[in-house]
Amino acid sequence: MTIKQRSELDEAIERATAHGVEVCGQGRMRANNERVYVVPSQRDQTHWHLVRLVGGRRLVCDCEASQRGRICVHRAAVHMHLVVAAALREAAAERVTRALEQESRDIETRDRAEAEAAAERDHKRDTAVLGRSNAPFSIWR
Ligand SMILES: [Zn+2]
């Protein structure tokens, strides 16, 4: 990506953010299973533009600006949507990883406690009462 393309994307993101242009629907094309996103038109509130994710990496919009080779607000909105979705997936994966690690530590702690309790039981069973306790006792009782 060149510096010019980067700034064009930044400008498109700024325009999309300023006008509140966001993805309002998504699905898959029946013909080829490509992901497709629905973004409202800025000009006409009763129209939407379809942005397809071609080959898993290229966003193609059906609007005029995009047909002229510009990065339109619709593609910018889908780009932001994908970035946010990726961040949320990453955060969810991180939470799952931490939960699994915690579970592993809990199992380790439980196993260690059980081993110590078993060792304690074995110790008590293997030693005479007078050997492990100096509590007063009576031989008459
Ligand atoms: Zn567009």
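**Entry 1: the sheet**

I count two strands as paired if DSSP finds at least two bridges between them. The model I am looking at is a predicted one. I began with the strands: 4 of them form an open sheet, in the order β1-β2-β3-β4, and the pairing is antiparallel. Which strands stand at the edges? They are β1 (25-28) and β4 (58-61), and each has a single partner strand, so one side of each is left without a neighbour in the sheet.

**Entry 2: β2 with β3**

Next I went to strand β2 (residues 35-40) and strand β3 (residues 48-54). The two run antiparallel, and 6 bridges join them. I noted two of the partners by name. V36 has R52 in β3 as its bridge partner, while V39 has H49 in β3.

**Entry 3: β3 with β4**

How many bridges join β3 to β4? I found 4, and these strands run antiparallel too. Here L53 stands opposite L59 in β4. The hairpin of β3 and β4 has 3 residues between the strands, and in this hairpin I noted that G55 takes a positive phi near 65°.

**Entry 4: helix α1 on its own**

I checked the length of α1 next. With 16 residues at 1.5 Å a residue, α1 should span 22 Å, and its end C-alpha atoms are 22 Å apart, which agrees. Just after α1 I came to another glycine, G20, with a positive phi of about 65°.

**Entry 5: α1 against α3**

Last, the helices. Two packed helices are described by the angle between their axes and the distance between the axes, so I looked up both. Helix α1 (residues 3-18) packs with helix α3 (residues 73-126) at an angle of about 90°, and their axes are 8 Å apart. Angles of 65 to 115 degrees count as roughly perpendicular, and α1 and α3 are therefore roughly perpendicular to each other.

Which residues meet there? From α1 I listed L9, A12, I13, R15 and A16; from α3, V73, R75, A76, A77 and M80. I sorted the residues of this contact of α1 with α3 by type and got 8 nonpolar, no polar and 2 charged.

Methods
Residues are numbered from 1 along each chain as its sequence is written. This is a predicted model: local features need pLDDT of at least 70, side-chain atom pairs count only at pLDDT 80 or more; totals for chains, interfaces and linings use all residues. Axes are lines fitted to C-alpha atoms, for helices over the stretch in contact, and angles run from 0 to 180 degrees between N-to-C directions. Angles under 35 degrees count as roughly parallel, over 145 as roughly antiparallel, 65 to 115 as roughly perpendicular and the rest as oblique. Two residues are in contact if their C-beta atoms, placed from the backbone, lie within 7 Å. Ala, Val, Leu, Ile, Met, Phe, Trp, Tyr, Cys and Pro count as nonpolar, Asp, Glu, Lys and Arg as charged, and the others, Gly among them, as polar. The expected span of a helix is 1.5 Å times one less than its number of residues.
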